[in-house]
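Subject: Structure for you to look at

Hello,

Here is the structure we spoke about. My notes follow below it.

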Number of protein chains: 2
Amino acid sequence: MRLHAVFVFLFAIISCECWAYIVDPGPTVIATKGAVWPQPKKITIENTFSIIRPQRFEFSAKRNTCDILNEGLIRYKELLVTEWQRLRKNEIKNARRSRERVNRINYNQWNDDDKFTGFLEVVTVNLNKPCEDSPYLGMDESYKFSLNNSEAILESDSIWGILRGLESFSQLVTSAPDSRSLQINSSYIEDEPRFSHRGLLLDTSRHFIPLATIKTILNGMAYSKLNVFHWHIVDDHSFPYESIKFPELSAQGAFHPTLVYTQNDVSAVIEYARMRGIRVLPEFDTPGHTRSWGVSHPELLTKCGAPYAGLLGPMDPTNENVYKFLKDLFGEVTDLFPEQFFHLGGDEVGFECWKSNQQINDYMKVKNYTKYEQLEEEFIQKVVDIIDELKSKSIVWQEVYQNQVHLPQGTVVHVWTGDTKRLMAQITRDGLPVLLSACWYLDHLSTGGDWKKFYDCDPLDFPGNAEQKALVMGGEACMWAEVVDDTNVVQRIFPRASAAAERLWSQDANQQVKERLEEHTCRMRKRGISAQPPNGPGYCI
Amino acid sequence: MRLHAVFVFLFAIISCECWAYIVDPGPTVIATKGAVWPQPKKITIENTFSIIRPQRFEFSAKRNTCDILNEGLIRYKELLVTEWQRLRKNEIKNARRSRERVNRINYNQWNDDDKFTGFLEVVTVNLNKPCEDSPYLGMDESYKFSLNNSEAILESDSIWGILRGLESFSQLVTSAPDSRSLQINSSYIEDEPRFSHRGLLLDTSRHFIPLATIKTILNGMAYSKLNVFHWHIVDDHSFPYESIKFPELSAQGAFHPTLVYTQNDVSAVIEYARMRGIRVLPEFDTPGHTRSWGVSHPELLTKCGAPYAGLLGPMDPTNENVYKFLKDLFGEVTDLFPEQFFHLGGDEVGFECWKSNQQINDYMKVKNYTKYEQLEEEFIQKVVDIIDELKSKSIVWQEVYQNQVHLPQGTVVHVWTGDTKRLMAQITRDGLPVLLSACWYLDHLSTGGDWKKFYDCDPLDFPGNAEQKALVMGGEACMWAEVVDDTNVVQRIFPRASAAAERLWSQDANQQVKERLEEHTCRMRKRGISAQPPNGPGYCI
């Protein structure tokens, strides 16, 4: 009855001798202790260690500081305190079970251990340059951390580097062998990301995802050093973005008047993300994937003719009011989102409805168009120009490039399907920056822990020269929401997106991957992320 | 980027005209209101209705009664009250949003509605025969329910039928059009299950599932009229069953000393299930899948020789102490579980270790065995005899049958893999009762809402005569736990297991299946089951 166990184990013990599997059901993956995810560029961990007493521990920001730094220090101190309290609670629980007394922690015990270097009481945080206000593409995320002889220094030129360093520091901290204290080994880290765009797309149209859950997801992203929350906020099925200029869009187009994101909600998401060094990239997909817009504004969409009469198709590219509407709406959106980029979609435009509409065919004749791709090109061109006027930069799904729309320099092409290696080579040969998502579709399920296929995907794995490779900005894991909602979305994202996160951050990972991911999963669990088990049988304690 | 949407929608709109899909992203499935899942054998719903005021509503047990009935009535009254309170809360919330006053409910309004027949104040519950103590294979689950002119009667010869009828009654109740009151349409139901064994297997060895979550799962089972909780309690990876006679089995063989089910926990599960008419069927799989037993009792397992030296294999069938041990342990288990059947496993026994052990080969020579299947046969035969002596009946996985072990009359063969139609035909031709699980592996994932493949599976779909078909006791959905734990197990079971549940209960379903399953999912949600979305884009409110 457990046929699939074969696959799970074959996969789990891929590095073991094969014969072991035949008589043995395969090992339970044993989590590492104090390993960092994603793997830093350079890390040395000694076997000497310090002990942390949370009540006598502090971060000390010696140079520049700002709200992001202050809040970050509070957050990471809190994580230590919570973990320590958890250990204490477990101890009391276990003592009750075995009817033993709980003794006071005797911190003097450590002096007998020749690997003990002292208590870590201060982590000095040196932010060498003033804080930047909001995260952006290409921000400096590099940092150095050293703990030597119980003296710890975290250093970066950039607040974003400090945030990444705080995360790494927090991951080095584990429970001491007495299971009562926090321990950190002497260590040295020099770290920076491999790619500057490391994203997670969340679709909030196919199912509504509550604000609190989005914040949980942002936490999980920070724990995996992902730095772009690509908010695919509206689509065919619902329009939950509550616009000031066009409140009817969500009033009529959301699943329910209460299942919306108000301007305050959106601002809260942006601020929560900013505090964690995460960009919030809005997507308003056009001209397809817009059925929900048509509930309140049917005039924006194409009225199909026979045999589709009565249906509405993609936006009507021949209607000048459409562009006026989009400029108004997108102006509001670009004002609300500090993000430099705007994702304008452009994928999966079906031509059947346009073909069936006489007015559109007349328009094409006048324009001398012979293909519907030309009509699409005209539409996208105008939207790209709007985004340009609004001083934003465009990101488009690959179809826009493939349909030969002329794209302004710097427009990013987002690859999601087909012969992606060939496509990545073409796009970069044309000098356009590119993002990869094709291999990171979190809604694609297969039996068992399938993070490995996400882990094995490399955005630079296509034929091209160094200049072409330099145009790869990174990639995004995509959580399309057809079959996820608040009941299962966090579980489905983590730790699977964390696998993509390491591929995007780490130059040279591949060490103890499953054991580190097991630890990372349990660590996320302790921090309130319902990450599902990655590696087959096992447990977090 | 949403390639898989194609499949979701193709599947979601399977009954629509095909061309609609081309320009339309497919409909959001609209849930039914007050439909019963699983579909009753006979149901008529009129368009006249009664209103329920929970504060003036009661069940009245006129004939026999007992603890199961009393608690059942309390539970189902509570569901009504909770649902009504939920409506009131939403109303207050919506009123605040729109800054309107919340008026008192005016129950007189209904008198103007010519479909209104009155208030439903009493459901008379006629249990015609005395309560039975515990559920068992073949128990009577039939019931009749009628609501006519605001007079409701639920009737059955059996407490189990009354429980099923209470569930159906609760599902007929919906919110009234004013969204403030509870409404139930005049209706008539005559119902009984198609199969008497409708199970859910839960593996608590690959991951530990907390007691509270098991209770949640039992609730979900009751809401879908599943009646066997097959507890695959131990396996290779951990031994969480805390035995009185052999406490070392879990003390050493569980993942952690706290991740165990004490005798009290097991009794609590059995009692919770009994109250809901659910049998708890224990499985202790032997001779394979026993690695965790070997942590404290390595002497029970085969010491492998070269090339597997150092490893332990399946139980050692040549060691008489093994049988003594099993008899002691299984005696304790059969005392603890009131269930008539005992699942003794017998699946996936690898012969490599036995082959590599000299003592075992010597034993085989003495016995004149030429195949390792004969050794396995001897082992299973002895275990079946033990179960027989303990006055229990055996269920075995199909390998035991396929390896031609002589099975006492009435031993049930559980089919999980291979050419299942041929196998079901063979087994029933040999006059043995059979259970099907092969098509209901909940750990097998595919992209999108995949309940349809579970729904389409029919246990009677094999070549055979009426006598053979009569030997099909039913089936079980199986939740193997390699990649599920407390974070995702409930979501993965429901509503997918509910699809199997309808196939096992209903003679003639197939009506408005996706719409009813959508409602059933949202209903389970309201009742605290984190059922995941079944049908693609949508929402529960």
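In chain B, helix H9 (residues 320-336) lies across strand S11 (279-286) and strand S14 (341-345), and runs at about 170° to S11(B). Bear in mind that this is a predicted model. Helix H5 (residues 211-223) of chain B is placed across strand S9 (197-203) and strand S10 (228-232), at about 150° to S10(B).

These strands belong to a closed barrel in chain B, which has eight strands in the order S9-S10-S11-S14-S15-S16-S17-S18 and parallel pairing. From one strand to the next, the twist averages 30°. Strand S17 (residues 434-436) and strand S18 (residues 472-479) of chain B are joined by three bridges in the parallel sense. B:Val434 has B:Val472 of S18(B) as its bridge partner.

Chain A gave two points on helices.

The axes of helix H11 (residues 358-367) and helix H12 (residues 372-389) of chain A come within 11 Å and cross at roughly 85°. Angles of 65 to 115 degrees count as roughly perpendicular, so H11(A) and H12(A) are roughly perpendicular to each other. H11(A) contributes A:Ile360, A:Asn361, A:Tyr363, A:Met364 and A:Lys367 to the contact, and H12(A) contributes A:Tyr372, A:Leu375, A:Glu378 and A:Lys382. By class, five residues in this contact of H11(A) with H12(A) are nonpolar, one is polar and three are charged.

Helix H18 (residues 496-505) of chain A is mostly covered, with ten of its ten residues buried. The buried residues of H18(A) include the charged side chains A:Arg496, A:Glu502 and A:Arg503, and also A:Leu504 and A:Trp505.

Regards

Note on methods: Residues numbered from 1 in each chain as written. Chains lettered and ligands numbered in written order. Predicted model: local features only at pLDDT ≥ 70, side-chain atom pairs only at ≥ 80, totals over all residues. Heavy atoms only, no water. Axes fitted to C-alpha atoms, helices over the stretch in contact; angles between N-to-C directions. Helix = DSSP H or I, 4+ residues; strand = E, 2+ residues; numbered from the N terminus. Parallel < 35°, antiparallel > 145°, perpendicular 65-115°, else oblique. Contact = heavy atoms within 4.5 Å. Buried < 20%, exposed > 50% of the residue type's maximum accessible area, 1.4 Å probe, protein only. Pairing = 2+ DSSP bridges.
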